[in-house]
Amino acid sequence: MSIPVSAHETKSKRTVITSEDRSVVLTQIKKDVWVHTTYTEIQGNKICANGLVLNTSKGIVLVDAAWDDILAKQLLDMIKKEFKKPVKWAIITHHKYDRIGGIQALLDQN
């Protein structure tokens, strides 16, 4: 399944890329450093979680997965589309659900 991604938006000299439903956002903070933000709803409240995407000469490094496998799959699709390369390494910083909920989507894509 292909995830539509909105056109690039520029805010304060930052590039921001969003999924069509805005549940996944990539925000460039330096040349090869991006923050990924995913959103979920908990008890009626919209909650975000952040991680990093590092674009290196040897491949993409993903720091932390998303809330769940659906969001993680959207994130991985956006990364592949934007950087034209897959995630080579993933670093999970701790065991809370906002960091590991999408771990199966990472494993599914090796």
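Student: How many helices and strands does the secondary structure of the chain come to?

Tutor: In this predicted model, the chain comes to three helices and seven strands. Read from the N terminus, the elements follow the order β-β-β-β-β-β-α-β-α-α.

Student: Among contacts between residues at least 6 apart in sequence, what percentage joins residues at least 24 apart?

Tutor: That percentage is 48%.

Student: Which residues have the most contacts inside the largest nonpolar core?

Tutor: The general idea is that nonpolar side chains in soluble globular proteins tend to be buried together. Here the largest nonpolar core has 21 residues, and Leu-26, Val-53, Leu-62 and Ile-79 have the most contacts inside it. At least two core residues come from each of β3 (24-30), β5 (45-56), β6 (59-63), α1 (69-83) and α3 (103-108). The largest share, seven residues, is supplied by α1.

Student: Which residues does Leu-62 touch, leaving aside those up to four places away in sequence?

Tutor: With those neighbours left out, Leu-62 touches Leu-52, Val-53, Leu-75, Leu-76, Ile-79, Val-87, Ala-90, Ile-91 and Leu-106, and also His-36 and Trp-89.

Student: How does the span of α1 compare with the span expected at 1.5 Å a residue?

Tutor: Helix α1 has 15 residues and reaches 21 Å from its first C-alpha to its last, close to the expected 21 Å.

Student: Which residues of α1 are buried?

Tutor: The general idea is that an α-helix has 3.6 residues a turn, so residues three or four places apart point the same way. In α1 the buried residues are Leu-71, Ala-72, Gln-74, Leu-75, Leu-76, Asp-77, Met-78, Ile-79 and Phe-83.

Student: Why does Gln-74 count as buried?

Tutor: Gln-74, which lies in helix α1, counts as buried because its relative accessible area is 10%, and the cut-off for buried is under 20%.

Student: Which residue caps the N-terminal end of α1, and what phi does Lys-84 take just after the helix?

Tutor: Asp-68 caps the N-terminal end, with a side-chain oxygen 3.1 Å from the backbone nitrogen of Ile-70. Just after α1, Lys-84 takes a positive phi of about 60°.

Methods: Residues numbered from 1 in each chain as written. Predicted model: local features only at pLDDT ≥ 70, side-chain atom pairs only at ≥ 80, totals over all residues. Heavy atoms only, no water. Core = buried A, V, L, I, M, F, W, Y, C linked by side-chain atoms within 4.5 Å. Buried < 20%, exposed > 50% of the residue type's maximum accessible area, 1.4 Å probe, protein only. Helix = DSSP H or I, 4+ residues; strand = E, 2+ residues; numbered from the N terminus. Contact = heavy atoms within 4.5 Å. Expected span 1.5 Å × (residues − 1). Polar contact = N/O pair within 3.5 Å; in protein donor to acceptor, adjacent residues only side chain to side chain.
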